[in-house]
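Please read them beside the sequence and the coordinates.

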Amino acid sequence: MVKAADAGSTQAALFLGDFYRAATTHPNRAWDRIDTFGRETHWYREAARRGSERGQFLVASEGDRHPYMPLHDNLLDWYIQAARQGNDQAALAIARAYKLGRIKPAELHDFRTWLAQNARPGTVQANVAAALEEDHAPIIN
């Protein structure tokens, strides 16, 4: 599986990320000497770089652990890339962060424009577009 992931297989990279995530959540003495979280993150990041919307969302959500801190630019970029590929969880994460004041309105200009052109009525993306047009909490510094 590692050979396939190293050769460029996005599915293999996602599988390995899932494998190490499962190892992290189900501790076992055999895993004590292995950085399972680091390997999980590595493989999800590889899948994200290869264009996987699931990998992009997982990289962003793994790094997005402080709900009252500003959302780091690279995490916002991963969320936006995943949302543009149809990942509703990523779109909702952007809307939540915006409503909490974790994202400045100017940081979402291009994404809002994209939503206005691409979100179909009645979809999660349409609801996110509407939420991004509303007022938000004061920006967290």
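How far does α2 reach from its first C-alpha to its last?

1. The model is predicted. In it, the 16 residues of α2 reach 23 Å from the first C-alpha to the last, close to the 22 Å expected at 1.5 Å a residue. The buried residues of this helix are A12, A13, L14, L16, G17, Y20 and A23; they pack against α1, α3 and α4.

2. For α3, the end C-alpha atoms are 20 Å apart, which agrees with the 20 Å that its 14 residues should span at 1.5 Å a residue. Buried here are T36, E40, W43, Y44, E46, A47 and A48. The partners of these buried α3 residues are α1, α2, α4 and α5. G51, with a positive phi near 100°, follows α3.

3. The largest nonpolar core has 38 residues, of which Y79, I94, L108 and F111 touch the most other members. Two or more residues of this core come from each of α2, α3, α4, α5, α6, α7 and α8. In soluble globular proteins, nonpolar side chains tend to be buried together.

4. I94 deserves a separate look. Apart from neighbours within four places in sequence, I94 is in contact with L76, Y79, I80, A83, I103, L108 and F111.

5. M1 belongs to the segment before α1. Because its relative accessibility is 52%, and exposed means over 50%, M1 counts as exposed.

Terms used. Residues numbered from 1 in each chain as written. Predicted model: local features only at pLDDT ≥ 70, side-chain atom pairs only at ≥ 80, totals over all residues. Heavy atoms only, no water. Helix = DSSP H or I, 4+ residues; strand = E, 2+ residues; numbered from the N terminus. Buried < 20%, exposed > 50% of the residue type's maximum accessible area, 1.4 Å probe, protein only. Core = buried A, V, L, I, M, F, W, Y, C linked by side-chain atoms within 4.5 Å. Contact = heavy atoms within 4.5 Å. Expected span 1.5 Å × (residues − 1).
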